[in-house]
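Here is a short briefing to read alongside the model. Take a look at the fold first, and then we can go through it together.

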Amino acid sequence: MIAVERLATTWALFQALLVEAMPFLLIGVALSTLARWISPGGKWVRDLPAHPLLGPLSGAALGFALPACECGNVPMARHLLVKGAPIATALGFLFAAPVLNPIVLASTWAAFPDQPWLLAARPLGALLIAVCLATLLRLLPERELLQPALLEERRLSQPLGEVTLLERRSGLIGVPAGAAVPALGGSSRRPPLGQVLSHGGSEFLELALLLVMGCAIAALVQTVVPRQWLIAVGGTPTLSILSLMLLSLVVSVCSSVDAFLALGFAAQVTPGAVLAFLLLGPVMDLKLVGLFGILLRPRAILLTAGAASLVVLLIGQWVNLLLL
Amino acid sequence: MGQSASALSPGRLKALALALWGVALLQSALSGRLDLLLRAVFHPLVWGSGILLLLLAAVEISGRWSDGSRASGRWTSLLSIGAALAVLALPPRPSFADLAANRQANLLEEPGLSFVLPPAQRSLTDWVRLLRAEPDPRLYAGDPVRISGFVLPMPGEEPHLARLLVRCCLVDAVPVGLPVRWPAGQPQPRADQWLRLEGVMVSETVGERQRSVVDARLVEPIPRPRQPLEP
């Protein structure tokens with residue numbers, strides 16, 4: 001009987017996560033579809049700075065122009081990479097824009113109006129994480145970082161000075177262009193709106209399937225692991241940070257509302273732990289693992305998870321040292 | 001044979017998958033499922049997404065645009081259709097008591113009451129917030145209580161009457177409950193059952209601490225309210 005109830009609750013949690021995240025995913029797909037239609041060649045994307053520091057910073061700044069939470073961010077980051085954006089810029093956007101956008105900053109302010117340090121620390125921390133992750137991941141060759149299908153599309157947008165015909169694997173030699181890459185490829189002619197919408201539909205279905213997988217895992221873990229375990233160690237500085245980092249991975253709520261959730265337990269844990277919760281969730285959680293699979297190779301995802309956790313832990317410790 | 005192959009063409013499968021996701025979102029909104037899953041402020045997003053997905057399906061059905069870019073398109077569509085059908089066919093039926101048992105009960109932030117309603121008009125959540133702001137039981141002894149909620153079993157004591165508070169969706173729900181002195185001679189209420197209680201607030205001693213308890217005089221089973229989650 002308890003097992004049946006538990007199963008019913010898991011199914012309800014799964015649906016709650018899915019219907020909450022799906023509109024944001026669709027907003028992200030709509031933005032990338034719109035960008036594809038307005039600027040089919042995407043030349044401006046290739047002109048973004050590739051500098052190790054300026055790249056992630058300009059990518060993060062794009063979050064203000066293209067506000068989306070972490071789910072909606074994935075299709076937009078994919079669009080940037082396909083159009084040949086510098087790796088550092090696209091990764092900066094992927095990791096920082098879920099925090100550095102007006103909606104998320106407003107919700108953080110609404111939840112913590114009397115904590116000005118948190119309003120400053122959250123965007124600054126997100127920037128620092130994005131710079132660190134972009135610096136680390138760009139050390140990997142693109143073929144070890146990006147998913148093969150994405151890499152193949154990206155090659156078509158890169159100038160021949162940077163990529164050889166053999167690396168492109170399509171077009172003049174290799175497989176026929178139409179079979180391996182989207183018809184929209186690297187052409188700079190504006191395609192018909194219907195064709196762009198059809199492409200957006202395909203992108204949505206692909207990502208929705210990964211979202212379903214992530215939501216299922218997150219719902220299952222939430223039902224199986226009692227939440228009390230995760231915040232039982234609230235008073236101890238290091239353990240409280242680690243436990244809230246774990247909670248942010250498991251809960252998988254959208255970055256536009258996570259501040260309200262953090263408000264609920266802010267009084268029971270250390271300030272560094274609250275900040276760690278608000279910083280790690282937008283970069284990595286169980287729901288996102290599937291979605292990242294469309295951009296990055298498994299090794300790069302593991303590297304992202306490990307490095308993001310380490311940086312967040314250090315930021316949380318530093319904040320606790322300052323404020324406790 | 002040729003007809004069935006055409007009916008299952010990648011374009012049509014994709015249109016069906018998009019339409020089913022659209023219908024699943026709209027049906028969640030129309031059937032009231034959303035009230036059980038998500039705070040009302042997010043409902044327009046779900047409506048809008050459902051309509052947008054149906055429009056995308058219509059573009060696909062028109063059939064003039066084929067996006068033959070992805071070799072995995074057919075499988076993606078088939079799996080999507082399966083997932084959307086499951087969401088459509090199996091409505092969420094969470095056990096609130098089971099969910100609450102897995103959440104810390106005292107996770108409510110410091111209350112910010114702007115005014116206090118007369119006792120008989122206070123909801124369960126109003127009572128909990130008031131008792132947290134001013135816990136002295138002597139202030140409320142004898143006040144009439146009319147509240148509704150679900151039965152939440154508590155380890156080592158009688159079940160509480162509780163509600164779930166949400167910030168965003170069911171995932172972040174936290175329980176708030178009031179201890180109840182159930183009428184003598186009646187069977188214990190079962191977990192997750194929705195009840196309406198009438199009674200008075202009394203003071204009782206637990207250990208060395210005084211606390212407010214609802215002394216229930218009338219206990220009436222009710223169906224689960226249309227909007228069971230509270231902000």
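How far does helix H12 of chain A reach from its first C-alpha to its last? Helix H12 (residues 193–224) of chain A reaches 46 Å with its 32 residues, close to the 46 Å expected at 1.5 Å a residue; that expected span is 1.5 Å times one less than the number of residues. This is a predicted model, in which local features need pLDDT of at least 70 and side-chain atom pairs count only at pLDDT 80 or more, while totals for chains, interfaces and linings use all residues. Residues are numbered from 1 along each chain as its sequence is written, and chains are lettered from A in the order in which they are written.

**Helix H12 of chain A**
- Because 23 of its 32 residues are buried, H12(A) is largely enclosed by the rest of the structure (buried: 20 or more other C-beta atoms within 10 Å of the residue's own, with C-beta atoms placed from the backbone).

**Where the chains meet**
- In chain B, 49 residues are in contact with 45 residues of chain A (contact: C-beta atoms, placed from the backbone, within 7 Å).
- H4(B) gives the most to the side of chain B that touches chain A, with eight residues.

**Chain B itself**
- Chain B holds seven helices and six strands (DSSP runs, numbered from the N terminus: helices are H or I of at least four residues, strands E of at least two).
- Of its 231 residues, 39% count as buried.
- Among contacts in chain B between residues at least 6 apart in sequence, 71% join residues at least 24 apart.

Definitions and conventions: A residue is buried if 20 or more other C-beta atoms lie within 10 Å of its own, exposed if 12 or fewer, and partly exposed in between; C-beta atoms are placed from the backbone. Two residues are in contact if their C-beta atoms, placed from the backbone, lie within 7 Å.
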